[in-house]
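The following exercises concern one protein structure, shown below.

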Amino acid sequence: MTRSDWDDLPASEREAITNQYGQIKDIRPADSGNHADIASTVIGEHGTVFVKAARKLPEKDGPEVTSLRWEAKVNPFVNEFAPRLLRSTEVEGWLVLVFEHIPGRHPDYSPGSCDLDLVAKAVHLLQKTSPPAVVDRPVTMRWHGIGGDASPMSGQALLHTDINAKNVLITPEDAVYFVDWAFVSHGAPWVEMGQMIPWLLSAGHTPASAEKWLHQFPAWREADPTSIDQYARLHTAVWTRRHEMVSAEWIGPYLADVRRWASYRGVLE
Ligand SMILES: Nc1ncnc2c1ncn2[C@@H]1O[C@H](COP(=O)(O)OP(=O)(O)O)[C@@H](O)[C@H]1O
Ligand SMILES: [Mg+2]
């Protein structure tokens with residue numbers, strides 16, 4: 001999807017942002033991501049913010065707007081490790097979210113990287129956060145319709161579900177932030193770790209070293225191995241199907257890593 005230009009935003013919203021943060025000196029589109037029509041760092045004379053915006057469809061929200069609504073909903077409950085939502089506006093067919101800008105870099109997930117410890121600390125915190133009632137979307141939804149029992153993945157833990165390195169920022173002070181809460185859900189707490197496995201593999205881990213790293217999380221350690229096997233099975237099935245139906249460059253390598261792990265667990269047919 002191409003990102004629309006800042007100039008596409010409703011004039012009233014651009015004006016409101018300018019009034020608050022000063023004359024715009026620079027606009028830098030994000031280097032990654034594809035869920036919003038606009039995702040840019042906006043540098044004003046008096047402050048820098050991160051703006052995510054999406055166009056509504058004539059009759060309904062559309063996937064980009066739906067993603068932003070989830071981000072807005074969960075934001076007040078995850079302020080410890082998510083950029084604060086400063087402003088949310090619906091105007092002229094747009095949903096515009098203005099976030100605190102986090103100056104930071106993405107973590108290196110490769111084996112032995114010091115960033116892994118920093119990220120682990122934040123994941124521990126996230127796992128301790130009680131799930132707000134507004135997060136009423138079960139993670140099991142994503143494995144419906146492919147056959148197989150998704151109930152081992154059900155639960156009440158708050159799950160980000162997409163902690164890939166591009167959705168994590170580490171500040172110069174080593175504070176860790178998770179961005180992109182588009183897929184926030186509730187489910188079994190260890191599903192968060194499972195979702196990280198393909199990203200650990202793509203950064204150079206073996207399935208064994210990835211699982212060894214995950215062992216530090218009580219939820220992963222205490223999970224029933226047959227539940228994890230079922231997750232590996234269904235996750236492979238879902239991404240195999242998606243690979244057939246959706247053409248996106250990253251899905252092939254992602255699926256290969258999912259399969260590598262599933263094969264390590266001995267659940268591939
Ligand atoms: N609040 C923020 N401050 C600074 N950079 C951010 C912020 N939110 C997101 N980013 C950067 O923008 C990129 C895209 O944002 P993200 O929320 O992941 O959007 P998408 O839904 O398009 O993936 C992220 O990978 C991150 O590098
Ligand atoms: Mg993202």
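**Exercise 1.** State which residue just after helix 8 takes a positive phi, and give the angle.

*Solution.* The residue is Gly266, which follows directly after helix 8 and has a positive phi of about 75°. Helices here are DSSP runs of H or I with at least four residues, strands are runs of E with at least two, and both are numbered from the N terminus.

The model is a predicted one, in which local features need pLDDT of at least 70, side-chain atom pairs count only at pLDDT 80 or more, and totals for chains, interfaces and linings use all residues. Residues are numbered from 1 along each chain as its sequence is written, while chains are lettered from A and ligands numbered from 1 in the order in which they are written.

**Exercise 2.** Determine which residues of helix 8 are buried, and where they lie around the axis.

*Solution.* Step 1: a residue is buried if 20 or more other C-beta atoms, placed from the backbone, lie within 10 Å of its own, exposed if 12 or fewer do, and partly exposed in between. Step 2: the buried residues of helix 8 are Leu255, Asp257, Val258, Trp261 and Ala262. Step 3: these residues cover an arc of only 160° around the axis, so they are on the same side of helix 8; the arc is that of the directions from the helix axis to the C-beta atoms. Step 4: the face turned away from the buried side carries the exposed residues Gly252 and Pro253. Step 5: the buried residues pack against helix 4 (191-202), helix 5 (207-214) and helix 7 (225-245).

**Exercise 3.** Explain why Ala262 counts as buried, and list its contacts beyond four places in sequence.

*Solution.* Step 1: Ala262 lies in helix 8. Step 2: Ala262 counts as buried because it has 23 C-beta neighbours inside 10 Å. Step 3: two residues are in contact if their C-beta atoms lie within 7 Å. Step 4: leaving aside neighbours within four places in sequence, Ala262 is in contact with Ala232, Arg233, Thr236, Val267 and Leu268.
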